Amino acid sequence: MHKIFALILSLSLLTLSCVSLPSANAAESITLNAEDDWAPYSYVAAGKIQGFAPKVISAAFASQGIKVNYNAVPFTRCLRETLSGAALACFDIEINSENEQQYHFHKTPLFVEGLSIFAKAPHRKITVADLEGHTVAITNGYTYPPLIMNNRKILKDGSPSDEVQFKKLLAGRVQYALVNSTPAKLMQKNNQRYRTQIIEVGLVNQARFYIGFSKKHPDGLRLRQVFEQGLSTIKANGQYAQLEQQFKASLQ
């Protein structure tokens, strides 16, 4: 009788352990805030997040056994929710003196992208110093380098989007627009007026973009480290280069 009781007890405990404990092989799933309107890097199309950035992020985390879901939101909300800890992370962020202590940033950038100066055609080539005394369009909530933001002689005019910058430029409401090079070229590709009446006249800098992980989210620091490892993995195995090649081909 004692042997039968012991056998029943052992089977009961085994059943409970199988029900209570998650599978060791179950992949971790996380959700990141994603900018919803910055094509071709991160944007919504056909109801889904698209772009080079989420492809790289998904691949990097997948190499570490983590599946990524995305919550597409306006960039200002993306930042705000990550700062408060309501969201795990937000992308794409350029690090500057104002935000470098606000988030956990990984070491290796997601990608590098130029910040260009645009003007109505025809126009000569210029430098950042030539912007002084002129009205220059920028996009609200976006990060710009100190040589722009700290120079009071450059008269900044905020816009809700990069495309509104171009519309203001054509309307004569601003003299210059600061838009990242690849998104600007995509807008010009898709709009004849932008393509024929607006030209790139200078380069501010080559900006590095990152995921900003929340300092107030319990998984922020850990997943920053996991992502850095994943990004290193896909750069080493050639997957990043393949994604980059596909991305560049899609812009032709």
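Predicted model: local features only at pLDDT ≥ 70, side-chain atom pairs only at ≥ 80, totals over all residues.
1. Residues are numbered from 1 along each chain as its sequence is written, and side-chain values use heavy atoms, with hydrogens and water left out.

2. The axes of α2 (residues 52-62) and α9 (residues 239-250) come within 11 Å and cross at roughly 160°. Axes here are lines fitted to C-alpha atoms, for helices over the stretch in contact, with angles running from 0 to 180 degrees between N-to-C directions. The two helices are therefore roughly antiparallel (over 145 degrees; under 35 is roughly parallel, 65 to 115 roughly perpendicular, the rest oblique). On the α2 side, Phe52, Lys55, Val56 and Ala59 make the contact, and α9 supplies Gln239, Tyr240, Leu243, Glu244 and Phe247 (contact means heavy atoms within 4.5 Å). By class, that is 6 nonpolar, 1 polar and 2 charged residues. The classes are Ala, Val, Leu, Ile, Met, Phe, Trp, Tyr, Cys and Pro as nonpolar, Asp, Glu, Lys and Arg as charged, and the others, Gly among them, as polar.

3. α2 also packs on α8 (residues 220-236), at an angle of about 100° with the axes 7 Å apart. This pair is therefore roughly perpendicular. Val56, Ile57, Ala59, Ala60 and Phe61 of α2 meet Leu223, Val226, Phe227, Gly230, Leu231 and Ile234 of α8. The class count for this contact is 10 nonpolar, 1 polar and no charged residues.

4. Now the strands. All 6 of the 6 residues in β6 (residues 89-94) are buried, so the strand is largely enclosed by the rest of the structure (buried is under 20% relative accessible area, exposed over 50%, partly exposed in between, with a 1.4 Å probe and protein chains only). β1 (residues 28-35) runs parallel to β6, joined by 2 bridges, and Ala34 has Phe91 as its bridge partner in β6. β12 (residues 198-214) runs antiparallel to β6, with 5 bridges; there Phe91 is partnered by Ile211. Two strands pair if DSSP finds at least two bridges between them.

5. There is also an open sheet of 3 strands, in the order β2-β3-β4, with antiparallel pairing. β2 (37-38) and β4 (48-50) are the edges, each with a single partner strand, so one side of each has no neighbour in the sheet. β2 and β3 (residues 42-45) are joined by 2 bridges, and Trp38 has Ser42 as its bridge partner in β3.

6. Leaving out residues up to four places away in sequence, Thr182 touches Pro40, Tyr41, Glu113, Phe247 and Leu251.

7. In α5 (residues 162-171), the buried residues include Asp162, Gln165, Phe166, Lys168, Leu169 and Leu170. Gly172 follows α5 with a positive phi, near 80°.

8. For the whole chain, there are 9 helices and 12 strands, where helices (H or I, at least four residues) and strands (E, at least two) are DSSP runs numbered from the N terminus. Buried residues make up 44% of the 252 residues. Of the contacts with a separation of 6 or more, 70% come from residues 24 or more positions apart.
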